[in-house]
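Hello,

Here is the structure I promised to pass on to you. Have a look at it first, and then read on for my notes on what was found.

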Amino acid sequence: MEPVAKPRITAHRISLNTRTGGLAVRNLLGEAMVALADWGHPAEARSAVELVLAEALNNVVEHGYGFREGGPLGLEMELTAETLTCTITDHGRPFPDEALPEGRAASLEGPTAELPEGGFGWHLIRQMTSDLHYQRNDGRSKLTLHFSVV
Amino acid sequence: MDMTSRTEGALQIVTVNAGRIDAAVAIQFKDAMRAETDGPSRRVILDLAQVGFIDSSGLGAIVAAMKQLGPGRRLDLAGLTPAVESVFRLTRMDTVFALFPTLDAALMAHAD
């Protein structure tokens, strides 16, 4: 009798939901990282995803919700052989002009006392993703981040 | 923000005992560093060996900690884990701070 071919799992998917406040972002990231580890995503790649998601989620908390607590925050992840796609949804304020920040690298020249302490987030996000999209519909923001699986 | 420090003359070693310096604790880190380094030590080594993750808020807090030292004092960083080091590299903050792979390496280097 011929052995039955094992079904090849071609995609992993997870949907996580929380509300802003306290350690919600940390906890959401933790769950996302556990899922990626379970799916066999390599550790170095997971670090990159964790950083990008932290920046994007912190951005929603700060700019989308103005640090308000209780705002819905969703993270969906889908991993295929080629790509990891992460989609962050929220019900907060849209980006100005509904456009993503450019994320130009900050200048580090000049005296120590004038070094920037912020504004690095979007530069990091853009450097570490292969593609990103932003959509705004019916009071919902949807940010899609793509990571190539090398 | 759990940190411990020891001072040996003009040198101070501050060890961060937390696993993350992120948005959740960036302000606490900055405040704790201000209190911890409120002394005369000319060289402060921040031992980050236990820190597995920083985001841009954490990076900003470390920059703030350096600025808080004021003129004539320096903040060097030791024991950066790969994820943490990559944040410094990607933001080119590795050109601003002296980074040492271990605390021993930092201690052996001359502080110019």
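**An exposed loop residue to start with**

A:Asp138 has 5 C-beta neighbours inside 10 Å, so this residue counts as exposed. Please keep in mind throughout that the model is a predicted one. A:Asp138 sits in the loop between strand E4 (131-137) and E5 of chain A. Its phi is near 50°, a positive value in a residue other than glycine. As background, most residues other than glycine have a negative phi.

B:Arg92 is not a glycine, yet its phi is positive, at about 60°. You will find B:Arg92 in the loop between helix H3 (82-90) and E7 of chain B. Is B:Arg92 buried, exposed or partly exposed? B:Arg92 counts as partly exposed, because 14 C-beta neighbours lie inside 10 Å, and being buried would take 20 or more.

**Chain A as a whole**

Now a step back to the whole of chain A. Three helices and five strands make up its secondary structure. Read from the N terminus, the elements follow the order β-α-α-β-β-α-β-β. The C-alpha trace of chain A spans about 75 × 35 × 30 Å along its principal axes. Chain A has 150 residues, and 25% of them count as buried. If you take the contacts in chain A between residues at least 6 apart in sequence, 63% join residues at least 24 apart.

Why does A:Leu145 count as buried? The reason is that A:Leu145 has 22 C-beta neighbours inside 10 Å, and the cut-off for a buried residue is 20 or more. Setting aside neighbours within four places in sequence, A:Leu145 is in contact with A:Val52, A:Ala56, A:Cys86, A:Thr129 and A:Leu132. The C-alpha atoms of A:Leu145 and A:Ala54 are 12 Å apart in space, while the two residues are 91 residues apart in sequence.

**Two helices that pack in chain A**

Next, please turn to H2(A) and H3(A). A pair of packed helices is described by the angle between the axes and the distance between them. For H2(A) and H3(A) the angle is about 140°, and the axes are 9 Å apart. That angle makes H2(A) oblique to H3(A). The crossing of H2(A) past H3(A) is left-handed. On the H2(A) side, the contact is made by A:Ala48, A:Leu51, A:Val52, A:Glu55, A:Ala56, A:Asn58 and A:Asn59. H3(A) brings A:Gly121, A:Leu124, A:Ile125 and A:Met128 to this contact. By type, the residues of the contact of H2(A) with H3(A) are seven nonpolar, three polar and one charged. Two residues named here, A:Val52 and A:Ala56, are also contacts of A:Leu145.

**Where the chains meet**

How many residues does each chain bring to the contact between chain A and chain B? Chain A brings 19 residues and chain B brings 20. On the side of chain A that touches chain B, helix H1 (24-38), helix H2 (43-64) and helix H3 (121-128) each supply at least two residues. H2(A) gives the most to that side, with six residues. The residues on this side of chain A are nine nonpolar, six polar and four charged.

**The sheet of chain B**

- Strand E2 (residues 11-16) and strand E4 (residues 43-47) of chain B run parallel and are joined by five bridges. B:Thr15 stands opposite B:Asp47 in E4(B).
- E4(B) and E6(B) also run parallel, with five bridges between them. Here B:Val44 stands opposite B:Leu75 in E6(B).
- E6(B) and E7(B) run parallel and are joined by two bridges. B:Ala78 stands opposite B:Phe100 in E7(B).

Strand E6 (residues 74-78) of chain B is mostly covered, with four of its five residues buried.

How values were computed
Residues are numbered from 1 along each chain as its sequence is written. Chains are lettered from A and ligands numbered from 1 in the order in which they are written. This is a predicted model: local features need pLDDT of at least 70, side-chain atom pairs count only at pLDDT 80 or more; totals for chains, interfaces and linings use all residues. A residue is buried if 20 or more other C-beta atoms lie within 10 Å of its own, exposed if 12 or fewer, and partly exposed in between; C-beta atoms are placed from the backbone. Two residues are in contact if their C-beta atoms, placed from the backbone, lie within 7 Å. Two strands pair if DSSP finds at least two bridges between them. Ala, Val, Leu, Ile, Met, Phe, Trp, Tyr, Cys and Pro count as nonpolar, Asp, Glu, Lys and Arg as charged, and the others, Gly among them, as polar. Axes are lines fitted to C-alpha atoms, for helices over the stretch in contact, and angles run from 0 to 180 degrees between N-to-C directions. Angles under 35 degrees count as roughly parallel, over 145 as roughly antiparallel, 65 to 115 as roughly perpendicular and the rest as oblique. A crossing is left-handed if the near helix is turned anticlockwise from the far one by less than a right angle, and right-handed if clockwise.
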